[in-house]
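Here's a quick tour of a few spots worth a look. Have the model open as you read.

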Amino acid sequence: MSESNNHKRILVTSALPYANGPSHIGRLTGAYIPADIYVRYQRLMKRDIVYICGSDEHGVPITIQAEKEGVKPQQLVDRYHAMILDEFTRMGISFDHYSRTSAPIHYETAQDFFLEVYEKGILKKKTQQQWYDEKAAMFLSDRYVEGTCPICQNPEARGDQCEKCGTYLDQMQLINPKSKVTGTAPVARETTHWYLPLGDFQPALEKWIGEKTHWKDNVLNYCKGWFQQKLEDRAYTRDLEWGVPVPKTDRKGNPIEGAERKVIYVWFEAVLGYISATKEWAKKIGQAERWRDYWQKEDTKLVHFIGKDNIVFHAIIFPAITIAYNQNHRKDDTYVLVSEIPACEFLNLEGAKLSTSRNYAVWVKDYLEKFPPDPLRYTLTSILPESKDSDFSWKDFQAKNNSELADILGNFINRSLTFTVKNFDNKVPAPGTFAQADLDMLSEIKQAQKETGEFIEHFRFRDACKRFMDLARAANKYFNDSEPWKKIKTDREQCATTLYVSVQIVRALAVVMLPFIPFTAERVWRMLNLPGRAEDQDWSKIAESTVESGHSLGNIEIVFTKIDDDVIQKEVDLLNATIEKKAAETAAATKAEPVKPAIPVDDFMKIDLRSATVLHAEKIKGSSKLLRLELDLGYEKRQVVSGLAKFYKPDELIGKQIILVANLKPAVIYGVESNGMVLTAGNDETLKLLMPERNIPNGLRVS
Ligand SMILES: [Zn+2]
């Protein structure tokens, strides 16, 4: 899969962060740390590479947040754009350019794409019913409306998606809808929108993704799930004030009827932000047309680093818009499709789900007030959720800092350089004859360079990180086994050889560590007193012994400081306090939730509740929330779909007895038929199954 060798240039993008709040470690982990490692490595490989990102500044969550804070959307995004960029910079994320989707150049790009597909007649204009808030005099797009999910009965489903069962909803499917603006019940009113008929592109998309056999399973499975459900028309526009306006005229100057007060749906323009940002970058470097090399030449390798929640937009929607744009278009103005989507799963925190709304997170700006960036970069890389969700814990962070960065990497660098400074007048000694151990160590550098690089090339960042640390491990062992502190008295020449080799290793380490912990790499480079910067070096020459005998070293400092138990305990206590506070609030809020209107007992008797045992449970492909359950009701077996995947592992459910709503009309969810609903209590974060207090026969009626 080392396709970069067949490509002339690489364009790397990280998901555009949403400019409605500060960054936490979950955000960093998914799309930025791995991308930055990849980019820094490719730069050291002297490849032609550009790294692009920017803030995503449109969409309903921005306007809702702005209303909450009593500011204009532009003021809100100005503030968070600056904050997010500052956090990234301090964490060493080395974008070539960081733009924003409220930039004029982005409006041009997004409108150009709209007009191209509009003028080709690809977009369908449809008049459909939408929820309208009469009090606020506005249509309720996306999250402006909430109601009960028709699939799982979650009372807080949003207009675009039910977070509990993961189903993407049409807002008109919501039961008992409520406006988020005024709290009133909206009325159905007709509005006209343009739709992209995604279904028309399904054959082309399926064929194209069919060739991506080397893509990660999570990405391929999500796509298969979507294809199975059949792609449907997706509204390209919204009734909103804030966003990229639908152009009022086409490119010939003819008016576009119905364009007033309509904006392009955020997900149809945000992905184009990568293109706008590349255009801005090209202008910045004084070669305004240079962006075309990266977007419009087929020998570009386009790599999108994203989290799994963005897979559909990068693997299906963006490619579909691009295919639509390219159709019957001048050959010199068509766009490349993505080559690689190394999507990450999610990062949890101390065993629980990260949550910005509950303030259950490690915020980047808080972290940076207390610790340097590199130990966090290193820890997050070593636990990167590459193929499944993973967990960050402060104890683990402390262990990685103290026993790996400080005890292995830092220790080797400090002891070998300090020993050289003390015993050889601050100069790299001339080596004597190399013994086998010295030669072995030098070839281990070569091996580490090769293997670390291959892992990065294949998006296996955890393995790459471990391989680089293994070089430091081998170096420590070499230093111990060579015993220079004894040899200095008995065999000065042998001691000199050990230190000569050690200095070469330190130099190699400075370059190998750079993609992972760039700040430390540059510090070590300065300690070596070598010209230029570590980031200017050539990865392929890491193993060459280029620090000459007689070279004077710089000031040697401690590379990593150990973190004490009480410092870590403070962080753990802080998180626990957040959980306790939120739990108390949730309990109070639930108690206060008004009881639904009274119903006659006959209505309740219509519901047929039965006991059943789980025979089999498995995850549903393409959904992170749903499980398919096979149930034994005694008199028959049943299949149901339930939104339990976040709370229970399939294995732990098998054999458990549950209560089933047995007479719900069947529904098809993610292509799987569901015949009933399993009773649960709690909300999105605390869901629990209801079970009989002791085992009872299956199929018993519950009342
Ligand atoms: Zn639902």
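Helix 14 (residues 394-423) packs against helix 18 (residues 492-512) at an angle of about 135°, their axes lying 10 Å apart. Axes here are lines fitted to C-alpha atoms over the stretch in contact, with angles from 0 to 180 degrees between N-to-C directions. Helix 14 and helix 18 are therefore oblique to each other (under 35 degrees is roughly parallel, over 145 roughly antiparallel, 65 to 115 roughly perpendicular, and the rest oblique). By class, their contact has eleven nonpolar, four polar and one charged residues.

This is a predicted model: local features need pLDDT of at least 70 and side-chain atom pairs pLDDT 80 or more, while totals for chains, interfaces and linings use all residues. Residues are numbered from 1 along each chain as its sequence is written, and side-chain values use heavy atoms, leaving out hydrogens and water.

Next, the glutamate: Glutamate 57 is found in the loop between strand 2 (49-55) and helix 3 (60-69). Glutamate 57 is buried, at 0% relative accessible area (buried is under 20%, exposed over 50%, partly exposed in between, with a 1.4 Å probe and protein chains only). Leaving aside residues up to four places away in sequence, Glutamate 57 touches residues including His81, Arg100 and Trp242 (contact means heavy atoms within 4.5 Å).

Finally, helix 9:

Helix 9 is mostly covered, with nine of its twelve residues buried, among them Lys279 and Trp281. Just after helix 9, glycine 286 takes a positive phi of about 80°.

Definitions and conventions:
Helices (H or I, at least four residues) and strands (E, at least two) are DSSP runs, numbered from the N terminus. Ala, Val, Leu, Ile, Met, Phe, Trp, Tyr, Cys and Pro count as nonpolar, Asp, Glu, Lys and Arg as charged, and the others, Gly among them, as polar.
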